[in-house]
Amino acid sequence: MLELDLDAFEALVTEVLDDLPDEMVDGLDNVVFLVEDEHPDEDLLGIYEGVAITDRGQYGFGELPDRIMVYRLPHLETAESIDELRAEVRTTVVHEIAHFYGIDDEQLHELGWA
């Protein structure tokens, strides 16, 4: 298992986000990305918590931000190298961003982002 402390993992997630295409991230309105060690109840790599843009009605000023959580420990358990880790984090981040845009898990599986 790779070892990366929380600060180093957060830096890696930030690098992955910075490398994503502008057209993927420019539409992210009122979304925060957070890193935690692991989900308290489930074995997840990440999770989107919010209302997909396709399901929003009246939305605007004063709304709490949607959250995309990326979990450090499950990622470290799946990767054998820093390159594998970066690729897995990228897949997770793209997967969760897709949920923001209203793309469900079935569609993500078909597209190879699950």
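Asn-30 counts as partly exposed, because its relative accessibility is 26%. Partly exposed lies between buried, under 20% relative accessible area, and exposed, over 50%, using a 1.4 Å probe and protein chains only. Asn-30 sits in the loop between helix 2 (22–25) and strand 1 (31–36). Its phi is near 65°, a positive value in a residue other than glycine.

A word on the source. This is a predicted model, where local features need pLDDT of at least 70, side-chain atom pairs count only at pLDDT 80 or more, and totals for chains, interfaces and linings use all residues. Residues are numbered from 1 along each chain as its sequence is written, and side-chain values use heavy atoms, with hydrogens and water left out.

Helices here are DSSP runs of H or I, at least four residues; strands are runs of E, at least two; both are numbered from the N terminus.

Now the helix pair. Two packed helices are described by the angle between their axes and the distance between the axes. Helix 1 covers residues 6–19 and helix 4 covers residues 82–100. Their axes come within 10 Å and cross at roughly 60°. That makes helix 1 oblique to helix 4. On the cut-offs: under 35 degrees is roughly parallel, over 145 roughly antiparallel, 65 to 115 roughly perpendicular, and the rest oblique. Axes are lines fitted to C-alpha atoms, for helices over the stretch in contact, with angles from 0 to 180 degrees between N-to-C directions.

Which residues meet? From helix 1, Phe-9, Leu-12, Val-13, Glu-15, Val-16 and Leu-17. From helix 4, Ile-82, Leu-85, Arg-86, Val-89, Arg-90 and Val-93. Contact means heavy atoms within 4.5 Å. By class, that contact has nine nonpolar, no polar and three charged residues. Nonpolar is Ala, Val, Leu, Ile, Met, Phe, Trp, Tyr, Cys and Pro; charged is Asp, Glu, Lys and Arg; the others, Gly among them, are polar.

Leu-6 is also in helix 1. At 35% relative accessibility, Leu-6 counts as partly exposed. Leaving out residues up to four places away in sequence, Leu-6 touches Val-35, Asp-37 and Arg-72.

Back to helix 4. Its 19 residues reach 27 Å from first C-alpha to last, close to the 27 Å expected at 1.5 Å a residue. The expected span is 1.5 Å times one less than the number of residues. Buried residues in helix 4 include Leu-85, Val-89 and Val-93. His-95 counts as buried too, because its relative accessibility is 11%. Beyond four places in sequence, His-95 touches Asp-105, Leu-108, Trp-113 and Ala-114. Just after helix 4, Gly-102 takes a positive phi of about 90°.
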